[in-house]
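Please open the model in a viewer and keep the selection tool at hand.

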Amino acid sequence: MAPQEPSAGAALVTAPAAGGRQVWRRLLARRAVLAAGLVIVLLALIAATAPLLAALEGQDPTSYHNDLLDSAAGGVPTGSFGGVSAEHWLGVEPGTGRDVFARLVHGARISLLVAVGATLVQVTIGVLLGLLAGLGSRLVDQLIGNTTEVMLALPSLVFAISLMAVVPSGFPRPLLLTLVIGLLGWAGTARIVRAQTLALKQLDYVAAARLAGATRWRIARRELLPSLAAPVITYAAVLLPSNVIAEAGLSFLGVGVKPPTASWGQMLSGATTWFRADPMYVLLPSALLFVTVLAFTVFGDAVRTELDPRAASRLRVGTARGAAEEATA
């Protein structure tokens, strides 16, 4: 479940481009980033208040409303736009009659929690193993390096489907999704952290700490981790939208979240047989997935640019060159 590896110039960062407040000011000054950030905040609020929003509508995500379905038409919702009404703001599901709005807001909670949780697992494992490889002996470095290469070469989707299928159904599926995606996607972070650690430990302040008798753990915690924050945050911003897609894909394939728990991917899986009779049931979760991934991608790319001095420099050079070409044209 790992995203495509960024290039060395994009992934390896020796120091943040500026202080945290300056970075935030520059991010918020860009309209596209501001819009993406507002969408992310709105999605987080929807996920956090999903039960309240469903209660405000007066529905819940698991109740069936068979009286709102046209049995003669095979279970298609009665009324226009999938049964939209004052009681069901976005209509009901075909075949089951469950409220679509309630399931969408609860699905946002599952998608975001799994994506954020899996990212935390990937970053934690990747940082620990990357530091251990960079600061450990040659044997440890080689062992972790070979393991990382194997993890990067694994067909993650096939292994994820296999792991999800063999775990007993009683195990909480959102937690299982988080662990599976996280345990299969830490290799990219470990590779970046190892490369950065090997470069940073040659610097004078790290050598001085080592000569002063500091332990490897103290050097990692006090000297290396602050400098590793920028590349780790940058890569985590890339991982988040990838993990949203991974959760939706596994649920779509039927090995992720199981009914009656709501998930956008699961809703899309059920909608494949109804897209002609009720197109709204397909469009709503698809649109939410698209907007979520787009917002995280735009915001993550902006964070990478701001935290990577070389990327910011290339952007400024390219912008200045383009302006000069337009002026001379």
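**Annotated segments**

Begin by selecting residues 32-56, 110-135, 147-168, 174-193, 224-246 and 280-300, which the unreviewed UniProt entry annotates as "transmembrane region". The model on display is a predicted one. Colour residues 32-56 first: this stretch is 96% helix and 0% strand, and its end C-alpha atoms lie 31 Å apart. Next colour residues 110-135, where the chain is 100% helix and 0% strand, with 37 Å between the end C-alpha atoms.

**The whole chain**

Now display the complete chain as a cartoon. It contains 14 helices and 2 strands. Of its 329 residues, 44% count as buried.

Centre the view on L104. Leaving aside residues up to four places away in sequence, L104 touches L90, W264, M267, L284, P285 and L288.

**A pair of crossing helices**

Select helix 5 and helix 8 (residues 173-184). Their axes come within 8 Å and cross at roughly 35°; the crossing is right-handed. To see the contact, show side chains on both helices: I110, L113, V114, G117, A118, V121, Q122 and I125 in helix 5 meet P174, L177, T178, I181, G182 and L183 in helix 8.

**Two backbone details**

Most residues other than glycine have a negative phi, and most peptide bonds are trans. The last two selections concern these points.

Select F81, in the loop between strand 2 (76-77) and helix 5. F81 is not a glycine, yet it has a positive phi of about 55°. Is F81 buried or exposed? F81 counts as exposed because its relative accessibility is 59%, and the threshold for this class is over 50%.

Finally, select P259 and P260. The peptide bond from P259 to P260 is cis, with omega near 10°. P260 is found in the loop between helix 11 and helix 12.

Key. Residues are numbered from 1 along each chain as its sequence is written. This is a predicted model: local features need pLDDT of at least 70, side-chain atom pairs count only at pLDDT 80 or more; totals for chains, interfaces and linings use all residues. Side-chain values use heavy atoms; hydrogens and water are left out. Contact means heavy atoms within 4.5 Å. Helices (H or I, at least four residues) and strands (E, at least two) are DSSP runs, numbered from the N terminus. Buried means under 20% relative accessible area, exposed over 50%, partly exposed in between (1.4 Å probe, protein chains only). UniProt positions are given in the numbering used here, feature names are shortened, and annotations may be inferred rather than shown by experiment. Axes are lines fitted to C-alpha atoms, for helices over the stretch in contact, and angles run from 0 to 180 degrees between N-to-C directions. A crossing is left-handed if the near helix is turned anticlockwise from the far one by less than a right angle, and right-handed if clockwise.
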